[in-house]
Amino acid sequence: MGALDSLSDYISDYFYVSKRRRKRKVMQTVNIKVKMDCDGCERRVKNAVSSMKGVKSVEMNRKINKVTVSGYVEPKKVLKRVEGTGKKAEIWPYVPYNVVAYPYAVGTYDKKAPAGFVRKSEQSQLQPLPGAPDDNFISLFSDENPNACTVM
């Protein structure tokens with residue numbers, strides 16, 4: 001397949017081809033937060049998203065209000081389609097709790113977040129909490145560090 005593509009690119013440089021090349025879409029996974037209360041809401045959102053062109057799979061998790069769409073789709077189009085059902089929707093704003101360096105930073109901790117998740121923000125990864133111990137001081141008195149202080 002790669003040899004044929006490179007050969008066609010080489011030939012198309014010398015000859016005018018009237019066909020327009022379509023930009024290939026990338027397979028991606030889109031996570032969306034949607035407020036779903038009942039089976040009817042879930043079914044309405046699932047039918048709207050699964051009828052889109054390029055969608056390969058749709059997974060619903062009503063407990064944490066999350067819809068996962070996999071396929072050759074654009075996140076903005078999926079979000080617009082879900083909002084067209086009358087539901088309030090947004091791109092999934094959470095990351096797993098253990099990924100964030102400072103999960104209790106201002107703007108990161110969210111009471112409405114599902115269990116094990118915190119809100120995604122730049123502030124949580126760049127600014128340490130006031131009074132948080134520095135990693136250098138922790139490793140200075142560690143039992144695993146052979147060059148640690150012998151006073152302990």
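1. In which strand is the place of lysine 33? Lysine 33 belongs to strand β1, which covers residues 28–34. Please keep in mind throughout that this is a predicted model.

2. Start with the strands around β1. β1 pairs with β3 in the antiparallel sense, over six bridges. In this pairing threonine 29 stands opposite serine 70 of β3. β1 is also joined to β4 by three bridges, and these two strands run antiparallel as well. Here lysine 33 has glutamate 90 of β4 as its bridge partner.

3. Next, look at β3 from its other partner. Strand β2 (residues 55–61) and strand β3 (residues 66–71) run antiparallel and are joined by six bridges. β2 and β3 form a hairpin, with four residues between them. Asparagine 65 sits in the turn and has a positive phi of about 55 degrees.

4. Asparagine 65 comes up again in the surroundings of lysine 33. Neighbours within four places in sequence aside, lysine 33 is in contact with Asn65, Lys88, Ala89, Glu90, Ile91, Trp92, Pro93 and Tyr94. For one of these residues, tyrosine 94, there is a polar contact to note: its side chain and that of lysine 33 are joined at 3.1 Å.

5. How many residues line the second largest pocket? The lining consists of 14 residues, and those nearest the pocket's centre are Lys33, Lys35, Asn65, Glu90 and Tyr94. The elements giving two or more residues to this lining are β1 and β4, the latter spanning 89–91. The volume of the second largest pocket is about 260 Å³.

6. Glutamate 90, the bridge partner of lysine 33 in β4, is among the residues nearest the centre of the pocket.

7. Why does the second largest pocket lie between domain 1 and domain 2? Residues from both domain 1 (28–92) and domain 2 (94–129) contribute to its lining, so the pocket lies between them.

Note on methods:
Residues are numbered from 1 along each chain as its sequence is written. This is a predicted model: local features need pLDDT of at least 70, side-chain atom pairs count only at pLDDT 80 or more; totals for chains, interfaces and linings use all residues. Side-chain values use heavy atoms; hydrogens and water are left out. A polar contact is a pair of N or O atoms within 3.5 Å; within protein, one must be able to donate a hydrogen and the other to accept it, and residues adjacent in sequence count only if both atoms are side-chain atoms. Contact means heavy atoms within 4.5 Å. On a 1 Å grid over the protein atoms alone, a cavity is a set of points where a 1.4 Å probe fits but cannot get out, and a pocket is an open set with protein on both sides within 12 Å along at least five of seven lines; lining residues have an atom within 4 Å of a point. Grid points are joined across faces, edges and corners, and a volume is the space filled by probe spheres set on the points. Domain bounds come from an automatic or database domain assignment. Two strands pair if DSSP finds at least two bridges between them.
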